[in-house]
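User: Hi, can you walk me through this structure? I'd like to start with the aromatic residues.

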Amino acid sequence: MDATKICTCTDTACPAHPVNHDDGCTRCIAKNQAQREVPSCLFKLVGRSSKCEGWFFEDFALSVVEAARAEGRNPLAPLECPEER
């Protein structure tokens with residue numbers, strides 16, 4: 001899979017961005033893990049909160065909760081798990 005075709009991050013100046021090497025998402029994931037952060041592509045999937053000030057795990061959790069509430073779902077209610085494949 002060509003990570004440059006699916007990456008939604010706009011920070012192409014970042015050395016970990018897939019356009020800057022041939023390692024796909026690996027460098028980005030490693031950088032984010034080391035900094036206890038979540039990649040921007042996952043924030044974009046849940047509609048990054050305007051209240052977020054960083055990319056940390058806690059900021060992502062807040063974004064997930066806010067997205068669920070915006071959709072009228074209880075963010076703490078258990079989700080139905082899809083059948084195992």
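Analyst: Start with W55: its relative accessible area is 35%, so W55 is partly exposed (buried is under 20%, exposed over 50%, partly exposed in between, with a 1.4 Å probe and protein chains only). This is a predicted model: local features need pLDDT of at least 70, side-chain atom pairs count only at pLDDT 80 or more, and totals for chains, interfaces and linings use all residues. Residues are numbered from 1 along each chain as its sequence is written, and side-chain values use heavy atoms, with hydrogens and water left out.

User: And F43, buried or exposed?

Analyst: F43 counts as buried, because its relative accessibility is 0%.

User: How are the rings of F43 and F60 arranged?

Analyst: Their centres are 5.3 Å apart and their planes are at 80 degrees, so the pair is edge-to-face. Rings of Phe, Tyr and Trp (its six-membered ring) pair if their centres lie within 6.5 Å; planes under 30 degrees apart are stacked, over 60 edge-to-face, the rest tilted. F43, W55 and F60 form one aromatic cluster.

User: What lies over the face of W55?

Analyst: R48 does, at 3.8 Å from the ring centre. R48 also lies over the face of F43, at 4.9 Å. The rule: NZ of Lys or CZ of Arg within 6 Å of the ring centre and within 35 degrees of the ring normal.

User: New topic. Is N32 buried or exposed?

Analyst: N32 counts as buried, at 4% relative accessibility.

User: What about C81, buried or exposed?

Analyst: C81 is exposed, with a relative accessible area of 71%. The C-alpha atoms of C81 and A67 are separated by 19 Å.
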